[in-house]
Amino acid sequence: MPGTVADIVRDALITLRAIGRSETPSTSQMQRGRERLAALIEIWSLKGVFVRGRAVETFTLTETKNTYTWGVGGDWDSAKPIDIFTSFSTLGSDNRQVQELGAEAWSRIPTRQVVARPNFYWHEPGMPYDIMRFDCFPSDETITIVSSKALDTSQGLFDETGFFPGYDLALMWGLAVELAPEYGYPNGEMRVLGQTAKNHYRTLTAHNTRPGVLHVDPAITGARGRGRYDVRSGPGRR
């Protein structure tokens, strides 16, 4: 499980020898650490370093709807996802995986106008909301979705978000540097602390920065399009 806000704050305080390895931060220590961590993430975003988190969320389903809006203020009132990793629906105590389909595959399956357990969904990004469509009217009570999201430190989800490997270490060392003066960390050790934080930050930006890539759904390019689309002659032609 990726490190959470609480994990990062606790590890930073242990690094500063502000608490022992078997101790738990006080409420005030945790709150201050959370505030400084949020500020650090905001600074990184200004530098163009994109921090995303791993969210596990459970949403309510109803037998009267097979389409849901996803976004702040929508049916599922939560920040929209960047990527969806997995999802499962729950009926009573029974969990069942629900698979994602792209537009082309979705167009080939019949939408069942009945109440049943869902097998598939189509996630359609949009503005102001994403759209989640199911292949039936779900009889299941909830759906749990694991996704990555742009980290918004102003939302309650911030405390529940897990950070991906590499991000948690870089953030922990960066937070330790931010908090060091408040805990009287020895000046003679600050250089090593700062250099360690800088090394983790450089590793993060070197290996976790991806170039922007435009992904085109196969429904647009066609099965034989091979990733090309000419507006004059159609998919796969030049």
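## Strand pairing

Asn-95, in strand 4, is the bridge partner of Thr-90. The model is predicted. Strand 3 covers residues 83-91. Strands 3 and 4 run antiparallel to each other and are joined over four bridges.

## A stacked aromatic pair

Eight aromatic pairs occur in the structure. One of them joins Phe-59 and Trp-76: the ring centres lie 4.6 Å apart and the planes meet at 5°, so the pair counts as stacked. The cut-off for stacking is under 30 degrees between planes.

The two residues come from distant parts of the chain, 17 residues apart. Phe-59 sits in strand 1 (residues 52-60). Trp-76 lies in the loop between strand 2 (67-70) and strand 3.

## Burial and the aromatic cluster

Are Phe-59 and Trp-76 buried or exposed? Phe-59 has 8% relative accessibility, so it counts as buried. Trp-76 has 2% relative accessibility and therefore counts as buried too. Buried here means under 20%.

Both residues are members of one aromatic cluster, which also includes Tyr-68, Trp-70 and Phe-134.

Note on methods. Residues numbered from 1 in each chain as written. Predicted model: local features only at pLDDT ≥ 70, side-chain atom pairs only at ≥ 80, totals over all residues. Heavy atoms only, no water. Pairing = 2+ DSSP bridges. Phe/Tyr/Trp six-rings, centres within 6.5 Å; stacked < 30°, edge-to-face > 60°. Buried < 20%, exposed > 50% of the residue type's maximum accessible area, 1.4 Å probe, protein only.
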